[in-house]
Amino acid sequence: MKRQQLIAALQKNRTFDLLVIGGGATGCGVALDAASRGLQTVLVEKNDFAEGTSSRSTKLLHGGVRYLEMAVKRLDRNQYHLVRDGLRERGILLRNAPHLAARLPLVTPLYKWYEVPYIFAGLKLYDLLAGSRSIGHSRLVGRKKSLSRYPLLKAEGLKAAVLYYDGQFHDARMAVTLAGTAHQQGATVANHLEVLALLKQNGKVCGARVRDHLGGGEFAIHARGVVNATGPFADRVRQMDDPGAQPILKASSGIHIVLDKRFAPPQTGVMIPETEDGRILFILPWEGHALVGTTDEPAAISDHPRPQAEEIRYLLRHISTYFDTVATDADIRSAWSGLRPLVFDPETTDTAKLTRDHIIEVSTAKLLTIAGGKWTTYRKMAQETVDHALATFGLDAAKSCHTDRLPLLGAANFKPAGTEELAKTYGLDADIAHHLHHAYGDQASKVAELARQGLGRRLHAEHPFLQAEVLYAVRHEFAQRPLDVLVRRTALALVDNQAAQMALPRVIELMAEELAWDEKRQKQEIRLAMSRLEDSI
Ligand code: FAD
């Protein structure tokens, strides 16, 4: 459906069952769960899907090795449940979106003998908790093998390593795919539509006033129930309902840097469970590069948080601590920052110790807020939220929750070994076929078809992203602005910011033709996209 038709449909005087505010992992998950149960659902996102935290994660599907340590050390049942749920959900997502998520081996290098039994036992317990959803057994790897598996590891003093497995996924594409699957299930989904205020009738929330950031208009959307799934912004929306509402969230910022190809670990990530100041650090293979993160700092809430120079220096410093190499600013291809919405505990000041669990709250005026949690558990959070919504708003669902068995868009006919066939059928380079196969799953042939019709050129010579993807993103994946394409449909800007800046004029040209932008709009879009790429994504 074209944007104008979508907005016109929303402006019709219609009452939805559920209005979901926020198009990150949580909101997209809730919209999919609700629509797949047969509820008339509308999802609105003020920027693009996953433009908030959900495109800025470490991209791991995990139970949380660190939370397991806390569960054991403090005999904390909540942390234990968090790990167990995470491992269960990891298994479900690997099955429901096998094109976007895959098993990733990780090593933890050990430099002190006494760490060997401690870390090994911890990771064995991690396996055990995964139960039938285990994706591989942890094992000890000797020094020599560790270095051959991961040649950049610091050799001096290395005793051994533990090899274990978690999931790795494409977070932004996963959110867009959730929105697409929700749409397929009957939900109306709209990005670039901001909730400005909540509507009330007889003291109960019954919809919202929204602004269309592209068309400029404002209008009302009515619904029997409203779900606030706005991540770090949840308190702002709660205060639209009740200006005196006490905050329930704290934001903690985490940054990632992407390093040049030469740092790319060969299909194995490294997890340092505790740096000298107690943080967790990952160095992961990602899109042919090395993804390094993350830090954990208290932060102010904003749409586009900026990676601080000090945080970048911190990550670069730790590269030389844990690797036999030195990384400098010149090796950084991209950097970005994300805000973790952490459930608030007034007693705690250390954000690393705040719980990663989620909460569901229903206000007096019946605004339902879902906040906290993590990407890995979005499906379970969505299920609980819709269960609450049915009870709170007195809604009848035609079906019970079945998202644990619902393949996401692109998954139903995905063949894991299908890259070669795609390359052969469409005459694609191997890296391009691999990228399309995993980004689009069983929809890849539609992109390849566009490529065959004259859009088969790369957006940048060093990366597998194609011009065809721009059109596909606009026609089938709700992309409305250049960075919707360059950051969240393809990951070009996240992998290589400079390359994205070079590709920008061609992306604008293609979008202008498809969306009939005049010269003024094109200039506006290039200015906005460029300033964001130069500043913070
Ligand atoms: P968001 O993604 O922020 O979505 C909220 C959305 O609401 C935003 O898009 C925002 O624009 C929108 N919104 C706000 N106000 C309005 C309004 N008025 N109207 C309309 N829309 C509005 N989890 C994992 O499982 N694995 C990981 O490896 C991992 N790594 C992480 C690394 C970092 C650095 C961080 C910060 C988090 C990480 N997480 C990870 C956690 C995970 O990313 C988050 O829990 C998850 O993305 C939160 O999703 P969300 O939908 O709640 O929030």
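The questions and answers below concern a predicted model of a protein.

Q: How many helices and strands does the secondary structure of the protein come to?
A: The protein has both kinds of element. Its secondary structure comes to 18 helices and 18 strands.

Q: What is the radius of gyration of the protein, and what would a compact globule have?
A: The protein has 537 residues, and a compact globule with that number would have a radius of gyration near 24 Å. The C-alpha atoms fill a box of roughly 70 × 55 × 45 Å along the principal axes. The radius of gyration of the protein agrees with the globule value, at 23 Å.

Q: What percentage of the residues of the protein count as buried?
A: A residue counts as buried when its relative accessible area is under 20%. The protein exposes about 22100 Å², of which carbon and sulfur atoms supply 51%. Of the 537 residues, the share that counts as buried is 60%.

Q: How far apart are the mean positions of the positive and negative charges of the protein?
A: There are 68 positive and 61 negative charges in the protein. The salt bridges come to 40. The mean positions of the positive and negative charges are separated by 3 Å.

Q: Why are Glu 449 and Arg 452 separated by about one helical turn, and how far apart are N and O in their salt bridge?
A: Both residues belong to helix α13 (residues 444-455), and because they are three residues apart there, about one helical turn separates them. Glu 449 is partly exposed at 28% relative accessible area, and Arg 452 is partly exposed at 49%. Their side chains meet in a salt bridge with an N to O distance of 3.3 Å.

Q: Which residue forms a salt bridge with Arg 481?
A: The closest N and O atoms of this pair are 3.2 Å apart. The pair links distant parts of the chain, 44 residues apart: Arg 481 lies in the loop between α14 (468-476) and α15 (482-489), and its partner lies in helix α18 (residues 519-535).

Q: Why is α14 largely enclosed by the rest of the structure, and which helices do its buried residues pack against?
A: Seven of the nine residues of α14 are buried, so the helix is largely enclosed by the rest of the structure. Among these buried residues are Glu 469, Leu 471 and Tyr 472. After α14 comes Phe 478, with a positive phi near 65 degrees. The buried residues of α14 pack against α12 (430-440), α13, α15 and α17 (497-515).

Q: Which residues is Ile 21 in contact with, leaving aside its neighbours within four places in sequence?
A: Ile 21 is found in strand β1 (residues 15-21). At 5% relative accessibility, Ile 21 counts as buried. Beyond those sequence neighbours, its contacts are Val 44, Val 195, Leu 198, Val 226, Val 227, Asn 228, Ala 229, Thr 230 and Val 237.

How values were computed. Residues are numbered from 1 along each chain as its sequence is written. This is a predicted model: local features need pLDDT of at least 70, side-chain atom pairs count only at pLDDT 80 or more; totals for chains, interfaces and linings use all residues. Side-chain values use heavy atoms; hydrogens and water are left out. Helices (H or I, at least four residues) and strands (E, at least two) are DSSP runs, numbered from the N terminus. The radius of gyration is taken over C-alpha atoms; the globule rule is 2.2 Å times the number of residues to the power 0.38. Buried means under 20% relative accessible area, exposed over 50%, partly exposed in between (1.4 Å probe, protein chains only). Accessible areas come from the Shrake-Rupley method with a 1.4 Å probe; for residues, only the protein chains shown count as cover. Lys and Arg count as positive and Asp and Glu as negative; His and the chain ends are not counted. The place of a charge is taken as NZ of Lys, CZ of Arg, CG of Asp or CD of Glu. A salt bridge is a side-chain nitrogen of Lys or Arg within 4 Å of a carboxyl oxygen of Asp or Glu. Contact means heavy atoms within 4.5 Å.
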